[in-house]
Amino acid sequence: MNRNLKLYLQLLWQSVLFWTIVMGLYSIFRYYGLDEEIGFTVIEEYSGHQGTLRALIGFTSIGALIGLLYATIDFVFDKYNSGRLSLVYDLTIRTFLYFATTIAVFTLIMELFSEIYGINLNTDRGWWKENKSFWATILYIVMVSFVFSFIKIATEKFGKGVFLKMLMGKYKNPQEEKRIFMFLDLKDSTTIAENLGHFKYSQFIQDCFYDLNEVVPKYDAEIYQYVGDEAVLSWPYRKGLAHNNCVDLFFAFQQKKQSKSQYYLDKYGIVPEFKAGLHGGVLMVTEVGVIKKEIAYHGDVINTSARIQAECNKHHVRLLISEKLLKDLKISTHLSSKFLGSVLLKGKQEKVNIHTIDKV
C-alpha cells in the first residue's frame, strides 16, 4: 500500500505541475494584451491587467484540478487494467473520462468565479456545446496531451531521468555510471515452449511480463530490455540498495505469480518460475544507433550478472547475488543469505563469490 501511494503521489505532482503550467500559459496566450490590439473586442471581464490576472488564476486552477483528476484516472487504469484492454478500447475509455472530467472542472471553476467576481458566465446544462472558447481550449488540451504522452512514453522507454539526459546530449559520448543489474530468466523455458506450442507460449511470456511490469515501478527498477523469455532490469546503485529494492523486487514478483497461480494453471497448466542473478558496479553507458536510438550499457557488470544467473540451475536456487553487491546491502530480517562458494564464471580469470538469498 505504501509503495502504491508513493507511485500515485509521484504521478500526481508531475501531472498537477504540468497541467497547471500549460493552462497558465494558455491564459497568457489567450488573453494577455488583447484589449490593446486594434480590431479586437474583448469582454470587460477579461480586459486590462485585472482581467488577465483573473484569467490566469482561473486557468491555473483548472489546470491543477485537471492534473489531479487525470492522474487519478491514469493511476486507476494502470493499476487495474494492466494492459488487458486493447489500445483502442483503453484510449476510447480514457478519452471519454478525460472529456467528462474537463467539462466538470470548467463548470465548477466558472461557477466559483461567477460567485467570487460577480461575472456573468453561462454554466447552464450543456453550456459547452456552443461555446467556441471551450472548444478552442479543448483543442489546446488535446495537443498538449500528445506532448505529455510523448514525454511519458519516452520516460518509460529510456528510464526516469534518462530521457532528459538524452535530450541534453549527455550520452552522445560514453559516460561512467554505477548501477545494479538483474538478469531474470524463465526456468525450464525450453520444456514449457515444447508443451505449450509457440502461440500459447508467447501468450504465457506476455502474461509473465504483464505481472512483472506491475511490480517494477514499486521498486524503482528500470527495464533495460526483454530478450525472449528473459528480462534485464537495472537500478542506479543507490536506488537498488535502498530498502533492498533489487532483492525485494524478485520476491514481490514471485508472490505476484503465486497469487495468480490458479489463473496460470487453468490457462497454461503450469505456474511460471523465474531465476535471477544480481551484480553491481561501474560500467559505461552511451547512446547507440541512428535510425533506432537505444541506450546501451557496456562493461563487466553486465556479463557477470548474466553469468551469475546461469549458475542458478547448477546450485538449484532461484536467486544468486555476488558477494560484492551483498556486502553493500542491508539484508532485512525476513531474508537470509547463504554462501555457496567461489565460482569461475565463463570468460573471467578471477573467481567470483556468490550467495543465495531466500525468505526466512
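**Exercise 1. Is Phe29 buried or exposed?**

Solution. Before we start, note that this is a predicted model, where local features need pLDDT of at least 70, side-chain atom pairs count only at pLDDT 80 or more, and totals for chains, interfaces and linings use all residues. Residues are numbered from 1 along each chain as its sequence is written, and side-chain values use heavy atoms, leaving out hydrogens and water.

Step 1: learn the cut-offs. Buried means under 20% relative accessible area, exposed means over 50%, and partly exposed lies in between (1.4 Å probe, protein chains only).

Step 2: apply them. Phe29 has 60% relative accessibility, so Phe29 counts as exposed.

Step 3: Phe29 lies in helix H1; helices (H or I, at least four residues) and strands (E, at least two) are DSSP runs, numbered from the N terminus.

Step 4: look at the surroundings. Phe29 belongs to a nonpolar surface patch with Trp13, Leu17, Ile21, Leu25 and Ile28, and together they have about 610 Å² of accessible area. Such areas come from the Shrake-Rupley method with a 1.4 Å probe; for residues, only the protein chains shown count as cover. Patches are made of residues with over 30% relative accessible area and no salt bridge, with like charges joined within 9 Å and nonpolar side chains (Val, Leu, Ile, Met, Phe, Trp, Tyr) within 5 Å.

**Exercise 2. Find Ser15 in helix H1 and describe its setting**.

Solution. Step 1: helix H1 spans residues 2-31, and Ser15 lies in it.

Step 1: Ser15 has 2% relative accessibility, so Ser15 counts as buried.

Step 2: leaving aside residues up to four places away in sequence, Ser15 touches Gly67, Tyr70, Ala71 and Phe148. A contact here means heavy atoms within 4.5 Å.

**Exercise 3. Which residues of helix H6 are buried?**

Solution. Step 1: in H6 (residues 189-196), the buried residues are Ser189, Ile192 and Leu196.

Step 1: they cover an arc of only 65° around the axis, so they sit on the same side of H6. The arc is that of the directions from the helix axis to the C-beta atoms.

Step 2: turn to the other side of H6, where Thr190, Glu194 and Asn195 are exposed.

Step 3: the buried residues of H6 pack against strand E1 (175-186), helix H7 (198-215) and helix H10 (261-268).

Step 4: after H6 comes Gly197, with a positive phi near 85°.

Methods: Salt bridge = Lys/Arg side-chain N within 4 Å of Asp/Glu carboxyl O.
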